[in-house]
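User: Hi! I'm new to reading protein models. Could you help me see where some of the labels come from?

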Amino acid sequence: MTIGNITTKMEKRSRRNKEIVDEKAPLLLERHDEDSGFDEFDGASFTGAVFNLSTTIVGAGIMALPATMKVLGLALGIFMIIFMAFLTEASIEMILRFSRAGKNLSYGGLMGDAFGKYGRIMLQICILVNNIGVLIVYMIIIGDVLSGTSSSGVHHVGILEGWFGEHWWNGRTFVLIITTLGVFSPLACFKRIDSLRFTSALSVALAVVFLVITIGISIIKLVSEGIMIPRLLPDVTDLTSFWKLFTVVPVLVTAYICHYNVHSIDNELEDTTQIKSVVRTSLALCSSVYVMTSFFGFLLFGDGTLDDVLANFDTNLGIPYSSILNDVVRVSYAGHLMLVFPIVFYPLRLNLDGLIFPRGRPLSQDNTRFSLITIGLIGVIFTGANFIPSIWDAFQFTGATAAVCIGFIFPAAITLRDQHGIATKKDKVLSTFMIVLAVFSNLVAIYSDAYALLKKNESPE
């Protein structure tokens with residue numbers, strides 16, 4: 001009995017080292033013989049893993065969810081948020097189960113096992129497109145919040161501009177340079193994702209600060225002004241309003257995308273049997289934050305809820321200390337995105353390295369390669385955030401498409417391929433549903449965004 005227990009523990013510990021040479025895992029979402037470079041590292045804790053995965057999930061998407069309530073109504077909207085959490089848990093469980101069966105340490109290794117080299121490359125490209133787009137958008141939002149932005153002839157004052165007036169040192173480009181050199185670059189230099197557990201915890205805390213303030217303001221206005229309870233169901237009056245319901249599907253489908261970091265977190269866990277509990281705890285935490293943010297955000301602003309609810313905090317809230325609360329919300333959100341940045345950047349760097357150097361030694365053991373890829377990616381993201389004005393439009397098309405491939409189409413395809421003969425009938429039915437949902441959401445996203453762009457271009461005439 002004792003010998004069996006010891007053997008089990010040794011297998012848990014040695015799994016990472018034993019399989020790292022598997023050439024089926026060139027994606028390197030953890031080519032985890034990093035232990036040889038960090039002998040003092042005894043494995044990541046459960047709490048640290050939960051914070052890292054939760055931070056991966058809760059990015060900028062949290063601000064778009066209240067607007068989905070305006071379209072779907074509270075009851076249907078909250079149901080969809082919870083439903084997508086369960087669907088995400090199922091897709092991650094598929095990835096982990098088939099990874100165990102094939103002894104793969106990375107998502108890319110799993111795709112390579114199921115579909116060969118080209119399957120692995122497709123995944124890597126999707127992660128590059130998705131994560132670069134996400135990080136550029138994060139940097140744009142940070143610049144907007146801190147330095148202000150102008151849209152349709154209206155100038156929205158940034159925090160620094162509001163506090164100190166307009167100066168060269170609080171201009172957008174200079175602020176992003178300081179943020180990149182002072183925050184992004186140092187945090188991007190960590191070679192283990194577990195090293196980011198404290199910044200991830202702070203990131204989640206800052207998201208909770210936004211939530212607490214929103215709840216507080218809602219309660220105050222509910223007591224003092226008698227806010228009306230928003231409608232529970234969608235307002236469908238004609239065919240146009242019916243089709244509008246489907247425009248929120250891409251937002252909901254991509255709200256929980258975190259699959260590209262699951263293997264990295266799993267590989268670093270002290271006890272790798274905890275990964276399922278880590279996933280479930282993270283999804284429960286994030287779905288709770290999503291539901292409360294959506295509910296109280298829509299309760300507070302009603303049908304005046306904007307697509308990005310952060311923009312609603314740019315006006316007078318009609319309560320004492322409104323301007324101070326607005327600034328606290330925006331500062332906490334900017335800080336939250338700054339700390340999410342390295343968590344999303346981590347798999348981006350490893351995937352690019354796996355794409356360019358599929359047979360190279362682990363990235364953490366090659367400082368030159370590590371530095372060059374880090375500098376190059378940060379340079380591309382900085383350039384995109386400052387000099388590509390239409391990145392929002394581009395990201396609407398490519399980001400949602402790549403994200404649903406990562407989160408649903410690829411896990412479902414792996415299950416349907418069933419390389420190891422372990423998929424059940426239920427798995428295959430669920431996988432088919434995931435693919436149909438993902439394809440449908442992509443088509444809706446592309447159609448709605450193209451239609452909106454055409455209407456926008458026609459409007460001046």
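User: Is the crossing of α8 and α13 left-handed or right-handed?

Analyst: Keep in mind that this is a predicted model. In it, α8 passes α13 in a left-handed crossing. The contact draws on T199, S200, L202, S203, L206, A207, V209, F210, I213 and I217 of α8, and on L325, V328, V329, S332, G335, H336, L339, V340 and I343 of α13. Sort those by class and you get 13 nonpolar, six polar and no charged residues.

User: Why are α8 and α13 called roughly antiparallel?

Analyst: Look at the angle: their axes cross at roughly 155 degrees and come within 8 Å. Angles over 145 degrees count as roughly antiparallel. The 155 degrees of this pair passes that cut-off, so α8 and α13 get the label.

User: Which residues of α2 and α12 meet?

Analyst: From α2 there are F46, A49, V50, L53, S54 and I57, and among their partners in α12 are S277, V278, L285, C286 and Y290. The class count for this contact is eleven nonpolar, four polar and no charged residues.

User: At what angle do α8 and α12 pack?

Analyst: About 35 degrees, with the axes 9 Å apart. α8 passes α12 in a left-handed crossing. Residues of α8 in the contact include V204, F210 and K221, while L285, V289 and F296 are among those from α12. This contact has eleven nonpolar, four polar and one charged residues.

User: How many cavities of 30 Å³ or more are there?

Analyst: Three. The largest cavity holds about 40 Å³ of space, and its lining is made of V58, V204, A207, V208, L285, C286 and V289.

User: How do you know that the lining of the largest cavity has no polar and no charged residues?

Analyst: Check the names: the lining has Val, Ala, Leu and Cys residues, and these types count as nonpolar. That gives seven nonpolar, no polar and no charged.

User: Which helices each supply at least two residues of that lining?

Analyst: α8 (197-225) and α12 (275-301) do.

Notes: Residues numbered from 1 in each chain as written. Predicted model: local features only at pLDDT ≥ 70, side-chain atom pairs only at ≥ 80, totals over all residues. Heavy atoms only, no water. 1 Å grid on protein atoms, 1.4 Å probe; cavity = no way out; pocket = protein on both sides within 12 Å on 5 of 7 lines; lining within 4 Å. Points joined across faces, edges and corners; volume = space filled by probe spheres on them. Helix = DSSP H or I, 4+ residues; strand = E, 2+ residues; numbered from the N terminus. Axes fitted to C-alpha atoms, helices over the stretch in contact; angles between N-to-C directions. Parallel < 35°, antiparallel > 145°, perpendicular 65-115°, else oblique. Left-handed = near helix turned anticlockwise from the far one by under 90°. Contact = heavy atoms within 4.5 Å.
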